[in-house]
Amino acid sequence: MAATGTPVVFVHGMFLHAASWASWVELFRTAGYDPATPGWPGEPGTVAEARQEPDRVAGIGIDDIVAHYAQIIGTLGKRPIVIGHSTGALVAQRLLDQDLAAAAVALQPPPIKGVANLAPSSIPVGWPLLRNPANRRRALSLTARQFRYSHGNALTTTASDQLYRQWAIPSPGRPVFELVSANLSRRSPATIDTANPARGPLLMIAGGRDHSAHKGVVKATVKRYLASPAVTDYQEFPDRGHSMPIDGGWREIADATLAWMRQHLG
């Protein structure tokens with residue numbers, strides 16, 4: 001069991017609502033942690049409301065999301081463990097780098113500045129947003145077919161469509177533009193001091209069949225972190241796609257995360 005009340009903050013990724021962490025919250029609370037799932041800035045409290053009011057998140061960028069979670073962490077009284085998925089995994093890394101998190105778990109993160117994303121599978125993931133420069137200021141939704149390619153490709157069509165109906169919401173286009181231009185920007189919000197010796201432990205998790213965050217890109221990010229003496233671990237789940245924290249196999253990933261946290265944090 002964790003020390004009573006150890007806070008854990010979950011940060012979701014693009015096109016998913018904060019409530020998609022519900023199963024993790026129940027498990028982590030049973031394990032003795034104090035979990036919280038705040039949404040991105042402007043995100044409504046329910047999936048239905050988020051679909052009805054997409055403009056509430058339009059124009060929001062990575063820096064805005066990081067600042068939002070930093071403000072929430074400031075109210076907790078102690079540094080939490082931050083667990084992020086996809087773009088939320090980048091947010092988790094930035095919070096760790098800023099010493100706002102005691103440790104971080106980055107599930108299927110996008111490439112940070114300095115890491116090239118050369119995986120062909122990721123091109124169709126970002127294209128629905130990138131094809132129109134005006135989408136940088138908008139909030140957009142994926143179709144069920146697009147969601148299956150980006151998130152549910154390791155699932156049956158029926159299982160992917162169920163997740164889409166349950167959790168998919170519009171997301172701001174700006175973070176995607178910021179990520180693809182990271183290596184061209186002097187002040188990219190995807191910048192991490194990977195040599196930071198003072199940060200807490202970090203676990204990076206990849207899915208072997210992930211179209212959105214290719215395992216090779218995640219491994220390249222881990223390699224950059226090896227410049228730091230701080231703990232950096234890597235785990236790979238070969239048969240999993242980008243839906244791993246929310247699909248029927250979520251418990252395997254959550255249990256592995258808990259085991260790693262107990263090993264490094266007690």
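View 1. All five of the five residues in strand 3 (residues 81-85) are buried, so the strand is largely enclosed by the rest of the structure. Here, buried means under 20% relative accessible area with a 1.4 Å probe, protein chains only, and strands (E, at least two residues) and helices (H or I, at least four) are DSSP runs numbered from the N terminus. I81, I83 and H85 cover one side, while V82 and G84 lie on the other. This is a predicted model: local features need pLDDT of at least 70, side-chain atom pairs count only at pLDDT 80 or more, and totals for chains, interfaces and linings use all residues. Residues are numbered from 1 along each chain as its sequence is written, and side-chain values use heavy atoms, leaving out hydrogens and water.

**View 2. The neighbours of strand 3.** Strand 1 (residues 6-11) pairs with strand 3 in the parallel sense over four bridges; pairing requires at least two bridges found by DSSP. Strand 4 (residues 103-107) also runs parallel to strand 3, joined by five bridges.

**View 3. Y69 and its contacts.** Leaving aside neighbours within four places in sequence, Y69 is in contact (heavy atoms within 4.5 Å) with V9, F10, V11, H12, P38, G39, W40, V91 and L95.

**View 4. Helix 10 and what follows.** Helix 10 (residues 250-265) has 16 residues. Its buried residues include W250, I253, W260 and M261. Just after helix 10, G266 takes a positive phi of about 85°.

Terms used
The expected span of a helix is 1.5 Å times one less than its number of residues. Buried means under 20% relative accessible area, exposed over 50%, partly exposed in between (1.4 Å probe, protein chains only).
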